[in-house]
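Open the model in your viewer and keep the selection tool at hand. We will take the tour one stop at a time.

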Amino acid sequence: MRKDVRILLVGEPKVGKTSLIMSLVSEEFPEVVPYRAEEITIPADVTPERVPTHIVDYSEAEQTDEQLFQEISKANVICIVYSVNSKKSIEKVTSHWIPLIIENTDKDSRVPLILVGNKSDLVEHSSMETILPIMNQYSEIETCVECSAKNLKNISELFYYAQKAVLHPTGPLYCPEKKNMKLLCAKALTRIFKVSDLDNDGILNDHELNFFQRTCFNTPLEPQALEDVKNVVRKNLNDGVCDNGLTLKGFLFLHTLFIQRGRHETTWTVLRRFGYDDDLELNQDYLFPPLKIPPDCTTELNHNAYLFLQSVFDKHDKDRDCALSPEELKDLFDVFPYMPWGPDVNNTVCTNEQGWITYQGYLSQWTLTTYLDVQRCLEYLGYLGYSIVAEQESHAAGITVTRAKKIDLQKKQTQRSVFRCNVFGDTGSGKSGFLQAFLGRNLRFQKTIKEEHRSYYAISTTYVYGQEKYLLLHEVFPDFDYLSDADLACDIVCLVYDVSNPYSFEYCAKVFKQYFMDSKTPCMMIAAKSDLQEVKQMYGCTPLEFCRRHKMPPPQSFTCNTTAAPNRDIYTKLTTMAMYPHARLRCMCTCNRCTFCLCQNFLNSELLQTVRAKLYAVVLRRHVSQADLRSSTFWLKASVGATVFAVLGFAMYRVLLKPR
């Protein structure tokens, strides 16, 4: 909505421009009329539309042409005043004033015009027969008002119509010549209909109509009022009502009827509630609400946003196969001005056997967009009408800004659900295969992917200790000298080398030493193509020795050359390390040499199992009576047993681990 309205009155001398302004202000006809009234401002609280209104007078006797042109350029609406008893002043409307205004206004920004026939008290007939052809000739003319400054006839109505012409203009909505709604208006209302059609059946039922009415006008319709609306549509349009609900044709017809009957404000209220500006484009403030994201923080969708996106998926998955076919996906994005997802999305998230995006893949893509480009995500939520359907103040209400990663490290816990893994490796090392394997695709499937549809991202869910998390894999382009901050910012680093290529490991070692050796980001080495014969790497030490030297887990064998879907255990390990970087897990193997393995061996040793079994038999399996529980001897035995167990464990720790 505009912050204010500026009304300019022009016309021939002596037609009563100044008298109209003074009659409005003083509510009586002035005895003495100056050449020109000073600019007045009507406060917002006394105007019907609650908008401050500035009224500007023009006098040929006191102002130059240059001043007139400046006032025309600043005006939001221009009232051309003529005298109903002066044929000359009426002729000047078309011969002078309208061409002058059109010439001095921007062609792209149409200024509405209102024809004002003053001094109607002096004649018994109306001038409308003369004015109607002029109104039909110029689409800029909003309306014509006959009034009398002397009798105060239609004075307040005149300025109300002028204000209304600015706030609720007819021009963008309706074409008087064709008597049809304009294309942009019909397109905007079609999107509004589809957003309001919560079950996507092409009909607004009573529940949806009431939701729409409450959303736009803050009040539901009474049952009888609903029936009256539908009856009006039935009488004028055969297919406007179907199954006792309003169809798209009926919805558009209703708004055409509102416009034709001069109720532009009804249609404009709907348009503005759904985010449209005066040019019928979605407002930037609507699409991009403010969202502050501090450094080192990430963005995720919250629970309410996921529920909304699930409802959007459900209403477009018409065959209930938990996947979106190309037709269903096109229908979903029909409320967008463009198709937001390209063919690379099918290689970024999970799909079914037909290559259709699954429910999990759909949510994963939304999660990816939110994490990488939250402004784009806000824009998409705006097109879908999230703030309206979910009844939120703005789309930003669907976004959670996580706390800084350094706080997570300090507290040794995180509330984040999305973790980024940057995948480094030399050309041909198997990075792309590693990403696609995460989506359940083996080498045979990967060979069918077209190069132009290739994606450098892969995202899906993993489970860590029963919690569902998103792991985002990003393949970093192997240009060692040009790694950006975005290439280095992640929760875990994955270094991939080809076991069959003797020169593949060197790249991983260089990347680690230059960028990650002194960082707190956990790293994991992946020995890709493990189905091929392993060769000695042409580097100063073996990959295993390199990992031990730098306190990394040993290289993890991986292959996507399988008949079924590749194993996903490695991705769970990556997510676990990303969630708990403070834990610094050094090993995920059975090498029997590292700290992790020695602890595991100790916990599984025969001696420890025997002690545990004895304690279990004595304390738990022994019949314990009420007398025993009251006996201090019983509790003394239990305490001694627990103490022996603790001392033995500490002694084993010192013997086995401390020297290392």
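Axes here are lines fitted to C-alpha atoms, for helices over the stretch in contact, and angles run from 0 to 180 degrees between N-to-C directions. Helices (H or I, at least four residues) and strands (E, at least two) are DSSP runs, numbered from the N terminus. This is a predicted model: local features need pLDDT of at least 70, side-chain atom pairs count only at pLDDT 80 or more, and totals for chains, interfaces and linings use all residues. Residues are numbered from 1 along each chain as its sequence is written, and side-chain values use heavy atoms, without hydrogens and water.

**First stop: α6 and α10.** Select residues 183-196 for helix α6 and 264-273 for helix α10. They pack at an angle of about 65°, with axes 10 Å apart. Now show Ala188, Leu189 and Ile192 in α6; they meet Thr267, Val270 and Leu271 in α10 (contact means heavy atoms within 4.5 Å).

**Second stop: α8.** Select residues 223-236.

Which residues of α8 are buried? Pick Leu226, Lys230 and Val233 (buried means under 20% relative accessible area, exposed over 50%, partly exposed in between, with a 1.4 Å probe and protein chains only). Turn to the other side of α8: Gln224 and Lys235 are exposed.

**Last stop: the whole protein.** Zoom out to 27 helices and 21 strands. Of the 660 residues, 47% are buried.

Note on methods:
Expected span 1.5 Å × (residues − 1).
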